[in-house]
Amino acid sequence: MTYEILGITVLWLFLYGYLIVGSIDFGAGFFHFYNKISRKNYQVNKLIQRYLSPVWEVTNVFLVFFFVGIVGFFPDTAYYYGTALLVPGSISIVLIAIRGSYYAFNTYGSKDSRVYSFLYGMSGLLIPASFTIVLTISEGDYLDVSKDRVTLLLRELLTSTYSWSVVVLAVVSVLYISAAFLTYYSYKAGDTASHQVFRRYTLFWAGPTILASLLIFYTISRHNPEHFRSMLDISWVFILSFLFFLGAVLLVYRKQRLGLAFVLVMFQFFSAWFGYGASHLPYLLYPHLTMYDGFVNETMAAALIAAFIAGLLLLIPSLVLLMRLFLFDADYVRGNK
Amino acid sequence: MFLEYDAAVFSRMLTGLTLGFHIIFATIGVGVPLMIAFAEWMGIRKNDEHYRLLARRWARGFVVTVAVGVVTGTSIGLQLNLLWPNFMQLAGQTISLPLFMEVFAFFFEAIFFGIYLYTWDRFKSRTRHLLLMIPIVIGASFSAFFITSVNSFMNAPRGFELTNGVITDINPLAAMFNPAAPTKTAHVLVTCYLTSAFVLGMIGAVKMLKGDRHVYHKKALQLTMTAAFVFSIGTVGIGDLSGKYLAEYQPEKLAAGEWHFQTQTEAPLVVGGVLTEDNEVQYALEVPYALSILAHGTPSAEVIGLEEFPKENRPPLIVHYFFDSMVTIGIYLAFVPLLYLFLRWKKPDWMHHKVLLSGIAVGGPLSILATELGWVYAEVGRQPWILHGIMRTPEGATTSSHVDAMLYLFLGLYAVLGISSAVVLRKMFKNNPVAHELESRGIDRRGGSS
């Protein structure tokens, strides 16, 4: 395995981590707000808070890790994406800032506020949508690259069916992943009422998720046929993803083995995410930048990978501790601690 | 606005705005964990619930500041790429290691902070809960260390060769441990601790000024001022070393800060004053030999003047005001805890005198102001370079034509965040005053000595 492949795999893995943890977090924020305004099931909201509070900071780090890492391994991405993404990137930053701050203000402040809950619930739903712009423009045709300037073609981006189908997929996946996790979590907490709510949400969002994925296949085949062909070459990955999806939905429907159901959801997105990523290679930005022409020099790559391994040795035990204390501690989940 | 659009100028303003806002929360984020750890440790060692409550209440307020620190830190991390893509393309080759490790350190801190907050009464052994503080303090301080080493690289780029615009011979460790790194990182860390001690001390002082003479606040003052005393000694010592570093490696920054125009031996230090249009210094206090001592440790040493540098490489002379104000506040921050400890030793009746309490209270905002001033001096003082001697600031900037709109967007965002966090913090502690919490936790009844 070359350094380039190793580097991009590591980064992709972290982005996958963000996708899962972030989705649970964003979706939960939205459900929290939704349940609050519809004034039902206050128990649900307590449950959401119990899960979210100890982990909210961790979620953000997955993201920071990705964008620091990508500039580290592929400094040229800073040039292309940095220049083009000033406006959409800044909007994402503002959304993240609002969400993170108001989450904390609402949770740790003196009282639960409706406005704060609205701010973090809604911004959470917009963040994934705003991030998809990066994925969209990586497919090419949305940037004007001249000799000393990179400009985002905003009109093309906003009128493209491909970019909108990515947005739709992002939003519905967030709600689906989050609902699937909370279905399991509420079950473990023995909270029947919440469990039923989230089970309904999961089944409800499952349909749109798969429809949106199909829409992506269709729009990408028209937008970037080369990428679509590489996707077809590894079509087994996507078929596998679909099977995981069926398994997860079936288990939730039958109210069986909900932990496994959530793991299947994770597998579903894992295979789709890596299938998408692998078929995108070697391009980081089609067709201007491949992972080979923008790679950091080898000494630095080795140092980064060494730091990465050392970091993981520190992080994995800590994360396990965090999970054991909160996620998988039955007493905590039930609210006895 | 009245400014003609220039992407580099607006990029500088926006970066300055974001960092200026971020460092308020970042400084607290680095220093307060250490103070919380001290308080909890004292609580366990002396078996005194007042100190444990102090730690608990500080931690509760700290969460709110951490949240803003995290999100503004994310902002600046992304903005570096968005506003300075050309700089990041070059620097990414050399400093991604410390940037990467900074994130790891923060990750580590974030995990344990989550655990710490939710396990106050979960462990049987109180020491175990205190032990969680160790990774938090380490994570906070190391993330400050790594990010400051990135900044010191910009002041003293090392660890690579540049031939015809192509970077070769990269040595990540040499880039990270550049000559500016030791003084810069040490100065940042110790002033973060000092500032945090003062900000927390301020809370106790204000409460006492308002007439709440509870022993809880007295203990808070004693703890914070003792810590502030130690950190202020560190600050003065490292500040002196920083001056010597500048004289050696970045003499133009020192010369601009001191309005030292001609190279000379036995150089005097210019304190205060104003500069006329033809660079005449007026109304200033000149301390003989002091600049030579500051720069090289001996009164007879030669100090390089600003005239040795071509005009286009000179930093703006306005930095003198920042430097002087920072140093003045620094001296004030050293004097106040010294006075407190002296009175405690010799005249305990006076140690909670209104004048001293006001002095401590004022020290809180002043210490944050000094952080800002010192940071502006360090950053503006290395202009016109973004990478000292290698890349000029405008060359590193974006070419986008929307930076001005983004500046206003972020100005609005930070105003909203700043106001909200102040409101939230105020409400949190107003709705749950110390006396109330002492009682509801049964601390005073259990006889935490008063």
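The legends below describe close-up views of a predicted model.

**View 1. Overall build of chain A.** Chain A contains 14 helices and 4 strands. Its radius of gyration is 20 Å, close to the 20 Å that the globule rule gives for 337 residues, so chain A is as compact as a globular protein of that length. The C-alpha trace of chain A spans about 60 × 40 × 40 Å along its principal axes. Of its 337 residues, 60% count as buried.

View 2. A:Lys255 lies in the loop between helix 11 and helix 12 (258–280) of chain A. Its phi is near 60°, a positive value in a residue other than glycine. A:Arg257 is found in the loop between helix 11 and helix 12 as well, and its phi, also positive, is near 35°. Most residues other than glycine have a negative phi. A:Arg257 counts as exposed because its relative accessibility is 62%, the cut-off being over 50%.

**View 3. The salt bridge between B:Asp48 and B:Lys219.** The structure holds 8 salt bridges over all chains. In one of them, the side chains of B:Asp48 and B:Lys219 meet with an N to O distance of 2.6 Å. The pair links distant parts of the chain, 171 residues apart. B:Asp48 sits in the loop between helix 1 (7–45) and helix 2 (49–83) of chain B, and B:Lys219 in helix 8 (residues 215–249). Both partners are on the covered side of the 20% cut-off for buried residues: B:Asp48 has a relative accessibility of 9% and so counts as buried, while B:Lys219 is buried with a relative accessible area of 11%.

**View 4. A salt-bridge network around B:Glu437.** B:Arg57, B:Arg60 and B:Glu437 are linked in a network of salt bridges. Between B:Glu437 and B:Arg57, the closest N and O atoms are 2.6 Å apart. B:Glu437 lies in helix 15 (residues 434–440) of chain B and B:Arg57 in helix 2, so this pair ties together parts that are 380 residues apart in sequence. B:Glu437 counts as buried at 2% relative accessibility, and B:Arg57 is buried with a relative accessible area of 6%.

View 5. B:Arg382 and B:Glu379 form a salt bridge in which the closest N and O atoms are 2.3 Å apart. B:Arg382 is buried, with a relative accessible area of 5%, and B:Glu379 is buried at 14%. A cis peptide bond joins B:Gln383 and B:Pro384, with omega about 5°. B:Pro384 is found in the loop between helix 12 (354–380) and strand 7 (385–387) of chain B. Most peptide bonds are trans.

**View 6. A positive surface patch on chain B.** B:Lys207, B:Lys210, B:Arg426 and B:Lys430 form a positive surface patch. Among them, B:Lys207 is placed in helix 7 (residues 181–209) of chain B. At 35% relative accessibility, B:Lys207 counts as partly exposed.

Methods
Residues are numbered from 1 along each chain as its sequence is written. Chains are lettered from A and ligands numbered from 1 in the order in which they are written. This is a predicted model: local features need pLDDT of at least 70, side-chain atom pairs count only at pLDDT 80 or more; totals for chains, interfaces and linings use all residues. Side-chain values use heavy atoms; hydrogens and water are left out. Patches are made of residues with over 30% relative accessible area and no salt bridge: like charges are joined within 9 Å, nonpolar side chains (Val, Leu, Ile, Met, Phe, Trp, Tyr) within 5 Å. Accessible areas come from the Shrake-Rupley method with a 1.4 Å probe; for residues, only the protein chains shown count as cover. A salt bridge is a side-chain nitrogen of Lys or Arg within 4 Å of a carboxyl oxygen of Asp or Glu. Lys and Arg count as positive and Asp and Glu as negative; His and the chain ends are not counted. The place of a charge is taken as NZ of Lys, CZ of Arg, CG of Asp or CD of Glu. Helices (H or I, at least four residues) and strands (E, at least two) are DSSP runs, numbered from the N terminus. Buried means under 20% relative accessible area, exposed over 50%, partly exposed in between (1.4 Å probe, protein chains only). The radius of gyration is taken over C-alpha atoms; the globule rule is 2.2 Å times the number of residues to the power 0.38.
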